[in-house]
Amino acid sequence: MLIRKPRSNEIRPSEITPRHVFENRRQFMTGVGMVGLGAIAGGSLGGLLAPETASAATTLATIKNDKYTLAGLGEAAPTDKVVASTYNNFYEFGTGKGDPADNSKDFQPLPWTVTVDGAVENPGTYDFDDLINPHQLEERVYRFRCVEAWSMVVPWVGISLGEVIRRLGPTSNAKYVAFETLYDPERMPGQNRSPIPWPYVEGLRMDEAMHDLSLLTVGMYGEVLPNQNGAPIRLIVPWKYGFKSIKSIVRISFVEDQPPCTWNIANAREYGFYSNVNPEVDHPRWSQAKERIVGTGIFAERRKTEMLNGYADQVGSLYDGMDMSKYY
Ligand code: MTE
C-alpha cells in the first residue's frame, strides 16, 4: 500500500460538498491512497459547481447519462426529493421510515476512507476523494424497487462501479465483490440495538459489479447525498431489491467465495444472495407482482413490477441458464 499526500492541484469531491463539511475535512489530509487512482489534474472548482443556485455549495456538476433518463422510464417526473430523503431504510439510524432523516442530522460523513482489500492489485485505504473523480460524475435516473413492494424514481449521481473496480485491478481470484458499511455506534445510534447484525454487509458477483448499471453513488437530485440516503458513498444496483444498495461504504473486498449479505444472514428463508427483482417470485409474506409508487398520496398509485425491475434487456444475460426462482 502506498500512502501519499494529495497533490495541490487535484480537485477533490470534498471541495464540492458543503463548505463547513469540507473545511472540517481539510484538517484531516492524511492523504491515504495511491497514485493513478485519484490523480485528477487541472479543472476548476467553479466548473464543477452548477452556477446561480442558492445552495451552490451542495450542488454537483454532472454529466447527464442519456442512456438512463426519466423519459427512458416513461415517467413524467421523478419522486419528490423530500419524499426520497424522508422515507428511508437505514437501520443504522433507526428502523422507522422517518428515523434516518431525524437521527442522522449530526452525522459528519467527511473525512471518509474506504479500505480496499482481498484479491486486488491495488489494495489500500483510500480517501473518499481518491476513489471518486468529480469530473466523471454522471446523473442517471433509475427506478428503485424496495423488497417491501414500493418504488421510487430517483436521479442518482455517481460513477460507474466498474470504472472504479478496473482502476483497483482485481486479480483472477476475484469472483465476487463484498461491501461493508461503517460500524460506529456512537455516530450511528441505531447500531446500539440489534434488529440486524452489524456491520451491514452486501455483495455482488464480479460480472454484476462490472455491469454498467451498477453505480457508486455520491449524490441525488444533483446534490450531495443526504446522510439518510447513505452519505458519502453508497451503491445503487437498480435491477435488484433496494437492500442490495448498501449505504455509507467503508470497505470493498475482492473475494473468491460468495460473501455474506446482511438480510440473508438475518433471514435466509426470505432473502437470498441475488435478490433480483422478480414479480413472479413472491416474498414468503407478500406478493411482489406490484409496487406502490411512493409519494403519490394516500390513494397511492400502483404499477406492475417488471422483471429485473425493467432492466431485463440490459442485465438478463447475466443470469442465462440460472433458475431465477431458485437463485432469489
Ligand atoms: N444500507 C445500510 N447500511 N443499512 C440499511 O439499513 N437499507 C437498505 C439499503 N441500504 C440499508 C442499506 C434498504 S432495505 C433499502 S430499501 C435502501 O437502502 C433504501 O435506500 P434509500 O433510503 O436511499 O431509499
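**Group meeting: a walk through the predicted model**

Let me begin at the ligand, where one of its oxygen atoms is 2.7 Å from an N or O atom in the side chain of K247, a polar contact being a pair of N or O atoms within 3.5 Å, where within protein one atom must be able to donate a hydrogen and the other to accept it, and residues adjacent in sequence count only if both atoms are side-chain atoms. The protein covers 98% of the 530 Å² of accessible area that the ligand has on its own, with areas taken from the Shrake-Rupley method with a 1.4 Å probe and, for residues, only the protein chains shown counted as cover.

Residues are numbered from 1 along each chain as its sequence is written, and side-chain values use heavy atoms, with hydrogens and water left out.

Staying with the ligand, which residues come nearest? Of the 16 residues around the ligand, they are N88, Y91, E92, R234 and K247, where near means that a heavy atom of the residue lies within 4 Å of the molecule or strand in question. N88 places a polar side-chain atom 2.8 Å from an oxygen atom of the ligand, and T181 places a polar side-chain atom 2.9 Å from a nitrogen atom of the ligand.

Next, the sheets. Helices (H or I, at least four residues) and strands (E, at least two) are DSSP runs numbered from the N terminus, and two strands pair if DSSP finds at least two bridges between them. An open sheet of five strands, with mixed pairing, has the order β3-β2-β11-β6-β7. Because β3 (124-127) and β7 (201-205) stand at the edges with a single partner strand each, one side of each is left without a neighbour in the sheet. From one strand to the next, the twist averages 20 degrees, where axes are lines fitted to C-alpha atoms, for helices over the stretch in contact, and angles run from 0 to 180 degrees between N-to-C directions. Strand β6, residues 176-181, pairs with β7 in the antiparallel sense over five bridges, and Y176 has R205 of β7 as its bridge partner. The loop between β6 and β7 holds P199, and the peptide bond from W198 to P199 is cis, with omega near -10 degrees.

Now please look at β8, residues 215-220, where six of the six residues are buried; buried means under 20% relative accessible area, exposed over 50%, and partly exposed in between, with a 1.4 Å probe and protein chains only. Which strands pair with β8? Strand β5, residues 150-160, runs antiparallel to β8 and is joined to it by five bridges, with S160 partnered by L215. β10 also pairs with β8 in the antiparallel sense, over three bridges, and here L216 stands opposite L235. Two bridges join β8 to the antiparallel β9, and G219 has V224 of β9 as its bridge partner. β8 and β9 form a hairpin with two residues between them, and Y221 in the turn has a positive phi of about 55 degrees. Between β9 (223-224) and β10 (234-236) the loop contains P232, which a cis peptide bond joins to A231, with omega about -5 degrees.

T59 lies in the loop between α2 (45-48) and β1 (63-64), and is buried with a relative accessible area of 8%.

In helix α7, residues 161-168, the buried residues are L161, G162, V164, I165 and L168. Seen down the axis of α7, these fall within an arc of 160 degrees, so they line one face of the helix, the arc being that of the directions from the helix axis to the C-beta atoms. Just after α7, G169 takes a positive phi of about 75 degrees.

Finally, the loop between β13 (302-304) and α10 (312-315) includes T305, which is buried at 7% relative accessible area and whose side chain joins that of E291 in a polar contact of 2.5 Å. L308 lies in the loop between β13 and α10 as well; L308 is not a glycine, yet has a positive phi of about 50 degrees, and counts as buried at 3% relative accessibility.

Note on methods: Predicted model: local features only at pLDDT ≥ 70, side-chain atom pairs only at ≥ 80, totals over all residues.
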